[in-house]
Amino acid sequence: MQDHLTIVKHPLVQHKLTIMRDKETSTNSFRRLLREISQLLAYEITREMEMTTRRIETPLCPMDAPTIDGKKMALISILRAGNGLLDGVLELIPAARVGFVGLYRDEKTLQPVQYYYKVPPELATRLVIALDPMLATGNSSVAAIDLLKQSGATNIRFMCLLAAPEGVARMKEAHPDVPIVTAAVDEKLNELGYIVPGLGDAGDRMFGTK
Ligand code: URA
């Protein structure tokens with residue numbers, strides 16, 4: 001994957017995203033749409049995976065057929081909203097290994113603090129896809145990717161639903177080697193760190209916690 005930022009402008013993605021942004025959309029629909037979009041984003045983010053061939057027998061003849069090369073991919077959910085992307089991607093790539101990164105924001109320093117970290121072994125030899133629907137300030141995404149690199153990951157991609165220009169810039173500065181795939185880059189962050197126009201708090205909207 002060459003570009004640092006890929007915006008998936010496919011009409012299905014954009015149409016579903018508009019429904020998700022609408023504040024009248026129910027928790028149930030929000031979750032379903034996020035799952036559907038995650039699969040369309042997964043299609044894009046895995047476009048340039050390494051391939052090899054495998055000798056098989058079709059009912060008619062032998063064939064060297066294309067198959068994905070290398071170790072099983074690692075999907076890393078950045079808690080808690082990352083789980084909303086995880087389910088759909090895992091449905092599409094059921095053999096993937098799964099990890100979780102939990103970070104909260106320290107009220108005083110405003111810096112992300114780790115409270116949970118569990119990732120698959122041998123990250124150095126895997127394609128690692130980090131999942132977080134909202135790339136806002138970029139602080140937690142940058143911190144999560146710092147941790148994945150400390151665990152040896154070298155081939156990392158970042159999937160989100162919505163990004164703010166500030167978050168994209170922060171990621172590009174800290175991790176220029178990590179391509180971002182998103183459905184949209186919105187106008188700005190507000191003073192509370194929400195993406196505008198955005199869709200509100202993705203975790204609250206998908207889990208019905210507000
Ligand atoms: N996280 C969210 O859930 N929403 C935002 O707008 C920004 C960060």
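Modeller: In this predicted model, α4 and α5 are roughly parallel to each other, because their angle falls under the 35 degrees cut-off. The angle itself is about 25°. Their axes lie 9 Å apart. Helix α4 covers residues 139-150, and helix α5 covers residues 165-174. The two cross in a right-handed sense. From α4, the contact takes in Asn139, Ser141, Val142 and Ile145. From α5 come Arg170, Met171 and Ala174. Sorted by class, that contact of α4 with α5 holds four nonpolar residues, two polar and one charged.

Now to α2. This helix runs over residues 27-45 and counts 19 residues. From first C-alpha to last, α2 reaches 26 Å, close to the 27 Å expected at 1.5 Å a residue. Several of its residues are buried, including Phe30, Leu33, Leu34, Ile37 and Leu41. Ser38 and Glu44 are also buried, as are Ala42 and Ile45.

Ala42 leads on to Leu90. The two sit 48 residues apart along the chain, with their C-alpha atoms separated by 9.6 Å. Leu90 belongs to helix α3, residues 82-92. Its relative accessibility is 27%, so Leu90 counts as partly exposed. Setting aside neighbours within four places in sequence, Leu90 is in contact with Leu75, Ala96 and Val98.

Methods
Residues numbered from 1 in each chain as written. Predicted model: local features only at pLDDT ≥ 70, side-chain atom pairs only at ≥ 80, totals over all residues. Heavy atoms only, no water. Helix = DSSP H or I, 4+ residues; strand = E, 2+ residues; numbered from the N terminus. Expected span 1.5 Å × (residues − 1). Buried < 20%, exposed > 50% of the residue type's maximum accessible area, 1.4 Å probe, protein only. Axes fitted to C-alpha atoms, helices over the stretch in contact; angles between N-to-C directions. Parallel < 35°, antiparallel > 145°, perpendicular 65-115°, else oblique. Left-handed = near helix turned anticlockwise from the far one by under 90°. Contact = heavy atoms within 4.5 Å. Nonpolar A, V, L, I, M, F, W, Y, C, P; charged D, E, K, R; others polar.
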